[in-house]
Amino acid sequence: MNSKNMEEQFVSASQLENMAEVFGDCATGFVFVYYPLEDVMYVSKNAMASFCFSENRFSHGKKVFLEKFVADDREILSSELDQLISGSSHNIKIEIRIINSRNTPLWVNFRCVKISSVENKHVFLTGFVDIARQTNVDLSTEIPQGIHFKKDFSCVQNSQSYVSGFIMKINIDNMRNINEKFGLAVGNYVLYLVSDCIKRAVSNGTRLYKLSGDEFVCMNLSGDTASGAQKLYTKIKQNIAEIEQKIDYEVMFTVSAGAVAFFKDKSSIDDLLKKVDFTLQSAKDCGRNSLHLFDAVSYTRHIKELDLQERLRKSIKNGFEGFELYYQPVIDAKKIYLDSKNSVLNVIGAEALLRWNCPELGVVMPSQFIPILEKTGLIIPVGRWILLAGFNQCRKFNALQKNFHLNLNLSYIQVKRSDILSDVMMALEKSGVDPKNITLELTESGYMDNAQELQNLVASFQKMGINVDIDDFGTGYSNLRYLQYLNASTLKLDYSFVHKATGGDEGDRKVIKHISQMAHELGMKVCMEGVETLEDVEKLSEYGADKYQGFYFGRPCTAVDFREHYIRNDSLASVYK
């Protein structure tokens, strides 16, 4: 709507003020109404705290209003207002500086138009001060905003085609917890204190910028080094410690930082920021409250991981392209062979193991891609695919070998972040497999702090008719105490644990012997993993294992190869008897 149309709108004073409050609540600045004949000024209530108006309606309106602006700009604004009142101009559109409650000048957009009253006898001036357009400094910390960070970098780089110095990004640790525990007002106060600590620490040509949220950037393009970044961070921490002492430790806070130093570098600001962001995240991941300096080897590994992550997403999106289940035989330790010549293994089941053949990279090791699946949550859709593919294959094997059992691993992340019970039930229904031939393996180390959760999970699966094994027992801090409550089917002793015993460690041999005995007394079977040689079999025989699994009996292979080499057709059972 142009100014001419605005002049033709007839409203009352009360309507204008009501409108000012409505728009004021929605605005990042404030709205005002000026009555020239009475010299009365009305400002929306949100202006009172931010700009120290003692009241929102006051006499001597023009004079009081002008005093809120920088002295050098008052004459300009006064002249603009007079011209609007006299009719020599139709509106005001200027950039001007206003003083905030911290006595800091802010550049703002000032807009104003003239409106006729209902009786068409008076004119009002109404407009707004737009702080959102103020881009020079951040309002809460009075620090230059991030937009100037990139501009300043480009200015230096363009002048000499390269840059030397460092960039350090700083983030307040656990800011969300501070806001939730103490409230937003305290959170904003902490933000202000940290900004002040950083401002007092920067020197030697280092510039400070405020990014969004609770992040700051210190940039030095004067040739300072990584050592300078380290000294700056140390000074910031010292300032924070002093502030915490002054406020009597009513609230405590720390900062993490990541920094990248460079010398005659021609990289773009975006490339450098990627490195800084990675380094800051490394500091966060390693416990916070520390500075991490850029490490090229770790960053290269990170980039490769990101590439692998995107390729995994692509494979999943393309119908789980490249994913396949391999099967490793599980042997009856009580009767390893079916025939007198020890040529036919007594294979009673298998463990399904995930493999991925990337279309571009080829075969990728599980140790490389499974952690990425878990970290990104992609293990959830892949986990569902594993359940259905494994259950379907077990049903096919059961058509030949009725009592064949298939073991499938459940990731702790998969269990925690999905409705695993529904996923398993759906796979059972779709595949038509007999649940008694399915065993799900859980790694007990993930549930050390919540044994009841693991116990409930085991019970829920058993209600479905599914067996549950405890996998990798012996790694980490295994909990012997709660095994008696789990009612698991089998305790699988981790291969690293088993190898210590077969390697001649007397202490580990005694531990394995007692664990095996305890498991049997609790009604569980024992499976020893990682059996690689005949000597291993001979050494482990004294422990009374129920099952064996390892390379000595067979390496993981495709379903086709497994069927050919390990599945025993029940129709031939009489031959072995």
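Okay, let's start with the rings: a search of the whole structure turns up 27 aromatic pairs. To be clear on terms, rings of Phe, Tyr and Trp (its six-membered ring) pair if their centres lie within 6.5 Å, with planes under 30 degrees apart counted as stacked, over 60 as edge-to-face and the rest as tilted.

Take Phe65 and Phe110: their ring centres are 6.3 Å apart and the planes sit at 55 degrees, so we call this pair tilted. It links distant parts of the chain, with Phe65 in helix α4 (residues 61–66) and Phe110 in strand β6 (residues 105–117), 45 residues apart. Helices here (H or I, at least four residues) and strands (E, at least two) are DSSP runs, numbered from the N terminus. Phe65 and Phe110 are both buried, and buried means under 20% relative accessible area, exposed over 50%, partly exposed in between (1.4 Å probe, protein chains only).

Next pair: Trp356 and Phe369 have ring centres 5.9 Å apart and planes at 65 degrees, so that one is edge-to-face. Trp356 is in strand β14 (residues 347–358) and Phe369 in helix α12 (residues 366–376), so the pair ties together parts 13 residues apart in sequence. Trp356 and Phe369 are buried too.

Quick housekeeping: this is a predicted model, so local features need pLDDT of at least 70 and side-chain atom pairs count only at pLDDT 80 or more, while totals for chains, interfaces and linings use all residues. Residues are numbered from 1 along each chain as its sequence is written, and side-chain values use heavy atoms, with hydrogens and water left out.

Back to the rings. Phe65 and Phe110 also belong to one aromatic cluster, together with Phe30, Phe32, Phe51, Phe53, Phe58 and Phe69. On Phe53, the charged end of Lys68 sits over the ring, 5.1 Å from its centre; the criterion is NZ of Lys or CZ of Arg within 6 Å of the ring centre and within 35 degrees of the ring normal. Lys210 does likewise with Phe216, its charged end 5.7 Å from the ring centre.

Now, which residues of α7 and α8 meet? On the α7 side we have Met175, Ile178, Asn179 and Phe182, and on the α8 side Leu184, Val186, Gly187, Val190 and Leu191, where contact means heavy atoms within 4.5 Å. By class, that's 7 nonpolar, 2 polar and no charged residues. Ala, Val, Leu, Ile, Met, Phe, Trp, Tyr, Cys and Pro count as nonpolar, Asp, Glu, Lys and Arg as charged, and the others, Gly among them, as polar.

Thr439, in strand β17 (residues 438–443), is buried at 4% relative accessible area. Leaving out residues up to four places away in sequence, Thr439 touches, among others, His405, Leu408, Ile466 and Asp469.

Ile567 is in the loop between α21 (559–565) and α22 (573–576), and is buried at 13%. Ile567 and Asn398 are 169 residues apart in sequence, yet 9.2 Å apart C-alpha to C-alpha.

Thr533, in the loop between β20 (525–529) and α20 (534–540), is partly exposed at 34%.

And the whole protein? We have 22 helices and 21 strands, and 47% of the 577 residues count as buried.
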